Amino acid sequence: MLSVVIPVFNEAESLGELHAELADVAREQRYDLDLVFVDDGSTDGSWQEIERLAALDARVQGIRFRRNFGKAAALSAGFEAARGEIVFTLDADLQDDPHEMPRFLEQMDAGLEVVSGWKQVRHDPWHKVGPSRVFNGLVGWLTDVRLHDHNCGFKCYRREIFDEVRLYGELHRFVPVLAAARGWRVGEIAVNHRPRKFGRSKYGVRRFIKGFLDLLTVYLLTGYSQRPQHLLGSVGLVSFLAGGLGVWCLTLWWFLSRLVTELTPVHLHERAIFYYSMAAMLLGAQFITVGFLAEMLTASHTDKTASYSIKQRVGRG
């Protein structure tokens, strides 16, 4: 069985056509499909369309959130409900082509465990494509997971990955990075990216700002999640030692100015570097302290509270 998880936010016009395309692919390839539509607080009748599809097709299950919780929460709920050993994700706006699914499965059969789509030829405006390329390069540089298109919503996973990778905030675009950090084999294929037929893009400039902040979070999670003191403590130690060196030099200067009459007397409170050095020592001590607290939280953290609230379900489940 293959599960297809589709987050939905105000995509009522495209859902019927998307379902028909997925049904065609399943019939042609003889797939046993499990279709999971997650309505992330839509206000345009998307849920009514999901209910209609569930009534027509027993393979469809729908999940409706009480409000908009974000794409990561929608995917997380969909992954929890998915029944298949292989899980696909694709967007509901028809820009992802379901007929590419067999090519993803070929890569899975070849040994990959996460396959990410690459929109090699994109039908998006330049102000979205340009920053996306910069972002993808930055992700590859920081995490060493070098994919051309981390933001592509068309991906394929082994179901077991989500027993280990927990999504929250807006970390959905970093699932391949989080999976690779745990040893899963990750790759990509170029996919057909179609022009948008309905609605408009949900993403703006703020997406890239949030994406950069999320990238810093992922860098910490993948590199230092089990040893946060190695990062925080290192920064703190450098800052503390730099401040301590400054204070030591000022102290030596003060003593010399008292012993050697030819030297101009030093008044520490008149030297800006004295305050910079003290601030650096205090900042370093704080970083080291926070590192210790992070280590204790890492050792004791067992919070599995869901980051979403489901209002309604329909279909099999």
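## Aromatic pairs in a predicted model

At 2% relative accessibility, F65 counts as buried, because buried means under 20% relative accessible area, with exposed over 50% and partly exposed in between (1.4 Å probe, protein chains only). The model is predicted: local features need pLDDT of at least 70, side-chain atom pairs count only at pLDDT 80 or more, and totals for chains, interfaces and linings use all residues. Residues are numbered from 1 along each chain as its sequence is written, and side-chain values use heavy atoms, without hydrogens and water.

Now the whole chain. Buried residues make up 46% of its 317 residues. The protein chain has 9 helices and 8 strands. These are DSSP runs numbered from the N terminus: helices are H or I with at least four residues, strands E with at least two.

Next, the rings. Rings of Phe, Tyr and Trp (its six-membered ring) pair if their centres lie within 6.5 Å; planes under 30 degrees apart count as stacked, over 60 as edge-to-face and the rest as tilted. The count comes to 8 aromatic pairs. Two of them are listed here.

| Pair | Centres apart | Angle of planes | Class |
|---|---|---|---|
| F65 and F69 | 5.5 Å | 90° | edge-to-face |
| F79 and Y157 | 6.0 Å | 75° | edge-to-face |

F79 lies in helix α3 (residues 71-81) and Y157 in strand β6 (residues 155-158), so their pair ties together parts 78 residues apart in sequence. Both F79 and Y157 are buried. Ring pairs also link F79 and Y157 with F162 in a cluster.

F69 has a charged neighbour too. R67 lies over the face of F69, 4.0 Å from the ring centre. Such a charge needs NZ of Lys or CZ of Arg within 6 Å of the ring centre and within 35 degrees of the ring normal.
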